[in-house]
Amino acid sequence: MNAPVPRLALETAEVDTSQDPNWYRDAVIYQLNVKAFYDTNGDGIGDFKGVTAKLDYVKELGVNTIWLMPFYPSPLRDDGYDIAEYKDVNPQYGTLDDFREMLDEAHKRGLRVITELVINHTSNDHPWFQAARKAPPGSPERDFYVWSDTDQIYQGTRIIFTDTETSNWTWDPVAKQYFWHRFFSHQPDLNFDNPAVLEAVFDVMRFWLDMGVDGFRLDAIPYLVERDGTSNENLPETHAVIKKIRAAI
C-alpha cells in the first residue's frame, strides 16, 4: 500500500510594510487577467468584484503582489493593450469604485497591486489620436503622435507582426499623413520627443498612484523613441525617457 502523499504547506509571503523602494525585487507576484478570473454577475466575463471576492484565495497561494493585466476601456482588438482611455475601467469589468474596493481590500490583506500600463501606443479610438488626426500638422494635438508625409523613413526597423502588418506606417485619410506604429495598425505610437506626451503619461501615472496602486509594469518600453538609421529599439533616448519616469514617480 502506498504511503499517503504529504500535503505541501505554503507559507504566505508577507509584504514589507516599510517604504523600501526596492520591494519589488523580492516580490512574489500573481499575474491576474480580470476578464478571465472570476465572474460575479453571470455575464461570462470576470470582473473586479470577482477579484475582490477571491483575494483570500490569492493570499493563500503565498504571493504578496497582484499584477493586473490591462483593464482600461478598449476596443479589445489586442486584448486590452489598445487603450482608449487611461483613467477608467472597462465597463465589462466593473467601475472605478469596484477597482478602489478591490485595491483597498487587497491592501488590508497585505497584498500590493501593480498594473500593466501601455504607454508606447494607444488605440486609434483614443481621444488623443482622434484629436491628432483632425488637427493641422505642427499643432500640439497632432504632435502627440509620430507622423510623416512618406513611409520611407525608419526603414531599418523590423516589423513585429509580419503575419498582419506589411509596414510600420499606416496612411490616415483624415490627417492625410502616415502615422507610425510598432505593433498593429490600430495602435498608433505616441511621440515621446514631445514633452507634452511625457507630462500626459505622468498625469496618468499619478492618477493611479494617488488611488493607491503600488507600481506599474510598463509594456513595449524598448520602442518609445524613433531615430532614422537605427533599429528604433532600446535607443539611448528611450533610456533617457525611462530615467525621467523613474525620477517622476
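User: How much area do domain 1 and domain 2 bury between them, and what makes it count as buried?

Analyst: In this predicted model, domain 1 and domain 2 bury about 1,200 Å² between them. That area counts as buried because it is accessible area the two parts lose on being put together, summed over both. Carbon and sulfur atoms carry 56% of it. On the side of domain 1, Thr122, Glu226 and Asp228 lose the most area to domain 2, together 33% of what that side buries.

User: Where do the bounds of domain 1 and domain 2 lie?

Analyst: The domain assignment gives 24-122 + 192-248 for domain 1 and 127-180 for domain 2. Their centres, taken over C-alpha atoms, are 25 Å apart. The contact takes 15 residues from domain 1 and 15 residues from domain 2.

User: Why is the pair glutamate 233 and arginine 158 called a salt bridge?

Analyst: The closest N and O atoms of glutamate 233 and arginine 158 are 2.6 Å apart. The cut-off is 4 Å between a side-chain nitrogen of Lys or Arg and a carboxyl oxygen of Asp or Glu, so the pair qualifies. Between domain 1 and domain 2 the count is one salt bridge.

User: How many residue pairs are in polar contact across the interface of domain 1 and domain 2, and what kinds of residues does the side of domain 1 hold?

Analyst: The rule finds six residue pairs in polar contact across that interface. The side of domain 1 that touches domain 2 divides into six nonpolar, five polar and four charged residues.

User: Which residues does UniProt list for "domain: Glycosyl hydrolase family 13 catalytic"?

Analyst: The unreviewed UniProt entry lists residues 31-249. Over residues 31-249 the chain is 29% helix and 13% strand, with the end C-alpha atoms 23 Å apart.

Notes: Residues numbered from 1 in each chain as written. Predicted model: local features only at pLDDT ≥ 70, side-chain atom pairs only at ≥ 80, totals over all residues. Heavy atoms only, no water. Domains from an automatic or database assignment. Contact = heavy atoms within 4.5 Å. Buried area = accessible area lost by both parts, 1.4 Å probe. Polar contact = N/O pair within 3.5 Å; in protein donor to acceptor, adjacent residues only side chain to side chain. Nonpolar A, V, L, I, M, F, W, Y, C, P; charged D, E, K, R; others polar. UniProt positions renumbered as here; feature names shortened; annotations may be inferred. Helix = DSSP H or I, 4+ residues; strand = E, 2+ residues; numbered from the N terminus.
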